[in-house]
Amino acid sequence: MIKINKRASLPKRKEMMIQALAVLLSLVFAGLVILAMGYNPLEVYYRIVEGSVGTIIRIQQTINKAVPLIIVSMGILVAFKMKFWNIGGEGQIMMGAFGATLVALNLPESVPTPIMLLAMAVMATLCGAIWAFIPAFFKAKFGTNETIFTLMMNYIAIKFVTYMQFGPWKDPSFGGFPKVASFHDNAIMPSLFGLHIGWIIALFAVAGVYIFIHHTKRGYEISVVGESLDTARYAGMNIKAIIITAMLVSGGLCGLAGMIQASAIEKTLTYTISAGYGFTAIITAWLGRLSAPVVGVVCFLFAMLLQGSSFLQASMAIPASVADMIQGVILFFVLGSDFFLQYKVVLKDKKAVKEVA
Amino acid sequence: MQTISIQMENITKTFGALKANEDVNLTVYAGEIHALLGENGAGKSTLMNMLSGIYMPDSGFIYVEGKPVNFTSPKESIELGIGMIHQHFKLVDILTAKENILLGQKKKAGQNDKNLAKEIKDLSDRYGLDLDLNKKVYQMSVGEKQTLEIIKVLYRGARILVLDEPTAVLTPQEIKKLFRIMRNMKEHGCAIVIITHKLNEVMEISDRITVLRKGKSIATVVTKEVEVPSLIEMMVGKKVDLEIDRLPGPGLGESLVVDELTVMDMEGKLALDNISFALKGGEILGVAGVAKSGQKELCEAIAGLIPAAKGRIFFQGDNILGKNPRDIIRLGIRMGFIPEDRLGMGLVGSMDIVHNIVLKDYQNQPGIFLKRGPCIEKANRIVETLDIMTPNVYTPVKKLSGGNIQKVLLGREIDSNPKVLITAYPVRGLDVGASYKIYELLNEQKQAGVGVLFIGEDLDVLMDLCDRVMVLCNGKVTGIVDPTQVTKEEIGLMMTGSALEKEEPSDKNQ
Amino acid sequence: MESFLVAVVVASMPLLFATLGELLSEKAGNLNLGVEGMMLMGAVIGFRVGLATNSPILAVLAALLAGAFGAAMFAFLTVSLRANQVVTGLTLTIFGSGFAGLVGRDVVGVPLSLQLRNSFDAIPIPLLSKIPVIGKPLFDQDILVYFGFACVILILLYFKKTRIGLNTRAVGENAAAADASGINVNLYKYLNITAGGALCGLGGAYMTLVTIPVWQQDVVAGRGWIAVALVIFASWRPVKAWLGALLFGALSILGYRLQAMGISLSQYLVDMIPYIATILVVIVSTYKNRKEDLPPADLSNPYFREER
């Protein structure tokens, strides 16, 4: 007979062991699925690592993927700390990219690059923030369910950008598949060490969010609202303002990531610009237990997975959705492992009591 | 020779680091009312939860009517005729009484609405219960819900009844009715276990008593052969005088004056109806009333957390109604409301003591950054002054024991030198030692000139500790009385709506 | 008009199955945001089995099992291992999408056999299908549509008339009370979640077996999420869910109708309509006052008996 008992406490070492074990098991499980698909899992995993950090160029590609992921994850982290389920990262990235493009296409080529980029960044952050503000407003004022609201905003944003790409912003000088005009040089982010400077922004984002959550009053309020709404009320906190502030930050960060993607990677606006970062960020934020530095590291690892799987697609013709599946499996296992952190499973029969886990 | 209904032998149950029951022994006979007596936290509910199949013992044996049993779920316990009436009712609000009775039951052959109704009516009549089967639970009063719980277990064929603190939420009149029903059942041969910490009830209703203290069974005695002081000694471990001192107060002027306060609850119904009273500095004004008589709304209205439809609240002459909660805190009006789950409303369980102190302090700090330094000092000070048992001030509050959690809460409010202190259910779930410490703290505040509004469940405590007692019923004030001049029964009547015959001079006119 | 209504019913089917499926899960207290993922899994597996076996029965069964499998993983994590329901559901969606992409990689654009497609031809019900206006839409449809209608009625009866349905409601409203009454809370949750998942899988398969019917990566296009919103819109009632599905089915094909009527509006702007409508539904749904219209009180709360 299986009995489940709550643990008193667990030493940090054992905690990390259980979580590491979970990740390992998940890779084994995912490996089995890959095997069932007809591929050699060891080869697949090797290629993923090789494709992400095998050469300098690939490392740069990995970092380029990590940058938007980190920034978006920081945004999601802030929202999740407040238990506001912001599933709208994709849409907020999109609208940020839209905002940046609006500036890039309408300011003249003669504007100096730093000013252009600054204007784009401000606009992008604003657009992302507004896109997040709408569901936040309804949640704060009416208690409306934010999960569905933010998600629907994703679809609206994607359709909107698609509309712009195929309609008003379609580049007439380009004959093939409709695309938006490319940015002029002054709207493209400069490079440092072979990487566009987005990585500096990413580092600032991590530091900024960490300080925000742990060392400012508003950050503290966000934590309290997330942990216990009633207590926040009783302390006289202005809960509506807290929700809105947190979401403006959350959406703003996502919007900023959108600008970076538009300016440095695509050098234009496309309806695929958010590339699933909004969803992956949810996984990385949760896996990193909503702690900014940890989430940053997890993002880098996931960027390796993303870069590696696009290499896989090129070299072994395995669709990149294998990355999605692996991500899902890892999170499943880690979610499940939380249970073993809190509870002990004991096998009990009439005579003896034996500890199992 | 009486037949043994239940025998529990050497039962031990641990939760994490807490030994809830250690080597406990209990024997209950058919046709007796057996009281399980002990302080809050002594392990009474835990023990009975093992009988009802909710928990499983780590070691020990249980025999029901002579047969050894090993319950792994409530279903098995119910099948053997054990019916548990929990302290917090296990009823589904949006279902009717009938539907709640039928939960988990297989349909009996040939059963339809009509003979089901008859079956239940026969059952109720036999024991003197009555209930409207088609009423939805959320529309019922507390007494009706308890009646439903009893019918529910009887319908399942219970011959052994366990009642967990059944009187905590009842008026004195309802308690009498419950005892009548229990005696009725006893005569029909049922075995009844009543879990309680109220000595007067134990003496009135039980045949035998088993005392638990800190998870161990101390003694089993025959009620007729024992006196209250020795029961107290068994419960607490030493001779304790359970008298609460009512100290003389400095008798200051009016501190908080509430005038014609009318408040709607979240569903738009009247929660407070034209309430008026005055709280003086240096007094403890008790607030009595059955659950949901408006106590929560009163606290929240004064603290500025909910709006009022009508009325005014004067603090030192100024109308504070409509001010936001932060300003009210700054004025020196502090409120601590302990809900049933203790941590829900004053503290963040996962945060440590320091961060819980920060909760009320941070708004007074300038700038956008959080300074923890002064709060760490304050935390250490509070821990020392109130003798709070904790490894350090960085331990998450939810890991502390109930008494210490409430000390942190009260300590935080007191440390700010309030002028008005509103405390609701401060001793909920606490053992005798911790409770008395809280009463001491409240008395100290009173003597320092603070006006204390004490909302409580235990009428005995209210009558002993408070200078005056205000009774709320359905949002109206049915009386403000001097506890030395009225009986508990009279207060009980006020709690259910009858206003007191002899009027006390209205304090408002002074 | 009549042909429009026929198309509305067809368009509403994936939503109907998914909404009913999620409704079952939520009535038992579990918020499963993995609907999109389960629909995708059902869609791809149903399609592949249909492609390989040409048997409509096997295809439908496979879809049901695929959805059930996804739901079972969710149930295991959230019921037995007490994981956070929101995050687990989202993970299921991401996993399901990746899984479907992998499994469907070499059948993109491959058409189903004519024989299989014909099994889903409309079957007119004698007499009833002749009723003007509503006759064809309701009584001249394919077999899965009739199954969908049956599901609405069965689920209605399940909750209103059966003991098991009553117990399920109790589990969703107050798991502790259900437990104390002797109901096996975990079992009820597992069964309802898994059954719900099966229906979601079928909803996805309807698109790849009947509506389109090919496999493509984005075949479900957010319908799973609309279904989650529809459950709220329907106040957790099966008949209202059906009406909601019809409404949104109509909205999703509105674009084509408008174009056919000569009103030119960018396809993409029209595509937005169902999503905007969903937002409106969610906003309006917060104005529920009657206790009976509120979500099951224990929704998304995990239940564990040994809690202290």
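User: If helices (H or I, at least four residues) and strands (E, at least two) are taken as DSSP runs numbered from the N terminus, in the loop between which helices does Gly128(B) lie?
Analyst: This is a predicted model, in which local features need pLDDT of at least 70 and side-chain atom pairs count only at pLDDT 80 or more, while totals for chains, interfaces and linings use all residues. Residues are numbered from 1 along each chain as its sequence is written, and chains are lettered from A and ligands numbered from 1 in the order in which they are written. On that numbering, the loop that holds Gly128(B) lies between helix H4 (113-127) and H5 of chain B.

User: Which residues does Gly128(B) touch, not counting residues up to four places away in sequence?
Analyst: A contact requires that the C-beta atoms of two residues, placed from the backbone, lie within 7 Å. With residues up to four places away in sequence left out, Gly128(B) touches Arg180(B), Ile181(B) and Asn184(B).

User: Which strands stand at the edges of the sheet in chain B?
Analyst: The open sheet has 6 strands in the order S6-S7-S8-S3-S9-S10 (chain B), with mixed pairing, where two strands pair if DSSP finds at least two bridges between them. Each edge strand has a single partner strand, so one of its sides is left without a neighbour in the sheet; these strands of chain B are S6 (82-85) and S10 (216-222).

User: At about what angle to S6(B) does helix H5 of chain B run?
Analyst: S6(B) is joined by 4 bridges to strand S7 (residues 160-164) of chain B, the two running parallel, and Ile85(B) stands opposite Leu163(B) in S7(B). Axes are lines fitted to C-alpha atoms, for helices over the stretch in contact, and angles run from 0 to 180 degrees between N-to-C directions. Helix H5 (residues 142-155) of chain B lies across S6 and S7 of chain B, and its angle to S6(B) is about 170°.

User: Which element gives the largest share of the side of chain A that touches chain B?
Analyst: In this interface 18 residues of chain A are in contact with 24 residues of chain B. Strand S1 (2-6), helix H8 (217-227) and helix H9 (229-234) of chain A are the elements that give two or more residues to that side of chain A. The largest share, 5 residues, comes from H8(A).

User: How do the residues of the side of chain C that touches chain A divide by class?
Analyst: Here 38 residues of chain C are in contact with 40 residues of chain A, and H4(C) gives the most to this side of chain C, with 12 residues. Ala, Val, Leu, Ile, Met, Phe, Trp, Tyr, Cys and Pro count as nonpolar, Asp, Glu, Lys and Arg as charged, and the others, Gly among them, as polar. On this basis the side of chain C that touches chain A has 24 nonpolar, 9 polar and 5 charged residues.

User: Is H2(C) roughly parallel or roughly antiparallel to H4(C)?
Analyst: Helix H2 (residues 35-53) of chain C packs against H4(C) at an angle of about 20°, with the axes 7 Å apart. Angles under 35 degrees count as roughly parallel, over 145 as roughly antiparallel, 65 to 115 as roughly perpendicular and the rest as oblique. The angle therefore makes H2(C), relative to H4(C), roughly parallel.
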